[in-house]
Amino acid sequence: MTERKTITPTHRYRNNDKLVGIGNEFWDMSERNGLAGIVADYDGSMLRAVPGHEFVPDGHEFVNFSCCSYLDLDSHPKVIEGGIEALRRYGVLDHCIARSRVQIPAMLELETSLGELFGAQVICSIAASTATFGLLPLIASGHLGTGKRPLMIFDKNAHVSMSNVKPVCADETEVVTSPHHDLNFIEDACKKYEQVAYVCDGSDSLGGYAPVQELAALQDKYGLVVYYDDSHSLSAYGERGVGYVRSHSPVLDERTITVMTLNKAFGTSGAAIVLDGHSKETLRVIERFGGALNYSQLLNTPSVGASLASAEIHRTGELKTLQDKLYSNINLFDSLIDTDQAGSTFPIRLVPMSDTTVIEAGRQVIEAGFYVSPVFFPIVARGTAGLRVMMRAGQTEEQIRRLSQVLVEVGAKPAPRPDGVTG
């Protein structure tokens, strides 16, 4: 009998054996300690666990400090009513056909509204990850950007929705990975290659912003193309909530492509692809060849209506009021807990823990009535585990102070006092 061949993995861009093998240990521990797989009813600022989780008592109440709705717009009455009104107006839940064939006016109405809000051309997608999977291969082939096939540099800490597209891009061009925000690495590549594209988060899911202005200098000097996922700063940052990248980058043309989810601080669903300086022909290429961007997976009608309502809130003074409340809560937390992100307007704080203590710390926090998500490999590098705390406009001073006390009890470092003394 002929011996069968076995497949040797290349592991050039990913290693599922490592990701699943190590990551599952942490996820299993999270479930056993009541930190994953939770199902809970929403009741204002509180969540109440429903039956079904072996390790979370039925009816256990807790405040969620691990939610990306930084301005609490997902529960805003106008946003909810916007979804209901759109469903009534258009009379269909999901017009299931590719947009390049036939579409109802709903999503075009939203793209026009968001385009005015951002001062740019906008294409909507069912999710930021869907947009990324459609766009990055087109950048790799030179059909999006400046028209030249680039060396593609993925930031080491690029979100998994971007890094997962490396193998696809590598079928079109050369792909490399850079140290986190390493401007020297990027500039060296720009000196060697005719065209370079850099893929990164504009606002990192673990806290902090990209060096947008420094990257803009490389864009002007070398024609660098930058692809940003700025999902975590949309709505929470900038005038009319345009986000960190659009607030700070002086290069807003075909060299800058930004994707932002609408289901974090914007409070709804879907994603916005924000484009500047691209021709109508390029937009048609995106619509026709951007993968799932052109499948029958468009935003459903209630999502469009909710997003239209949220966009209107962004045009009013209410948005700044919500932003100010968020920043006030961030400042309060920073005055109580010491983290590397302290002093930033970014709404995420990572409280350092060890790989061996992070799950137990998270368990004690939820037992005390608060949920913060433990992050571990492969979410973060091995040995850099922590508790991810997400701030929101609707959190109360009492909730923040009590959570901070609990965090100190499980090993968080208190913020230094004005006199320089910690604690």
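Let's start with Phe26, a residue that is buried, with a relative accessible area of 9%. It counts as buried because the cut-off for that word is under 20% relative accessible area. Keep in mind as you look around that this is a predicted model.

What does Phe26 pair with? To see this, turn to the aromatic rings. A search of the whole structure finds eight aromatic pairs. One of them joins Phe26 and Phe376: the ring centres are 5.0 Å apart and the planes meet at 10°, so this pair is stacked. The reasoning rests on a cut-off, because planes under 30 degrees apart count as stacked. In general, a pair of aromatic rings is described by the distance of the centres and the angle of the planes.

Now find the two partners along the chain. Phe26 sits in helix H1 (residues 16-32), while Phe376 belongs to the loop between strand E13 (373-375) and strand E14 (386-390), so the pair ties together parts that are 350 residues apart in sequence. Phe376 is buried too, at 1% relative accessibility.

Rings can also form groups. Tyr209, Tyr237, Tyr244 and Phe346 are linked into a cluster by ring pairs.

Our last stop is Cys190, which you will find in helix H7 (residues 183-192). Is Cys190 buried or exposed? Its relative accessibility is 8%, so Cys190 counts as buried. Leaving aside residues up to four places away in sequence, Cys190 touches Val196, Tyr222 and Leu224. For a sense of distance, compare Cys190 with Asp28: they are 162 residues apart in sequence, and their C-alpha atoms are 44 Å apart in space.

Technical notes:
Residues numbered from 1 in each chain as written. Predicted model: local features only at pLDDT ≥ 70, side-chain atom pairs only at ≥ 80, totals over all residues. Heavy atoms only, no water. Helix = DSSP H or I, 4+ residues; strand = E, 2+ residues; numbered from the N terminus. Buried < 20%, exposed > 50% of the residue type's maximum accessible area, 1.4 Å probe, protein only. Contact = heavy atoms within 4.5 Å. Phe/Tyr/Trp six-rings, centres within 6.5 Å; stacked < 30°, edge-to-face > 60°.
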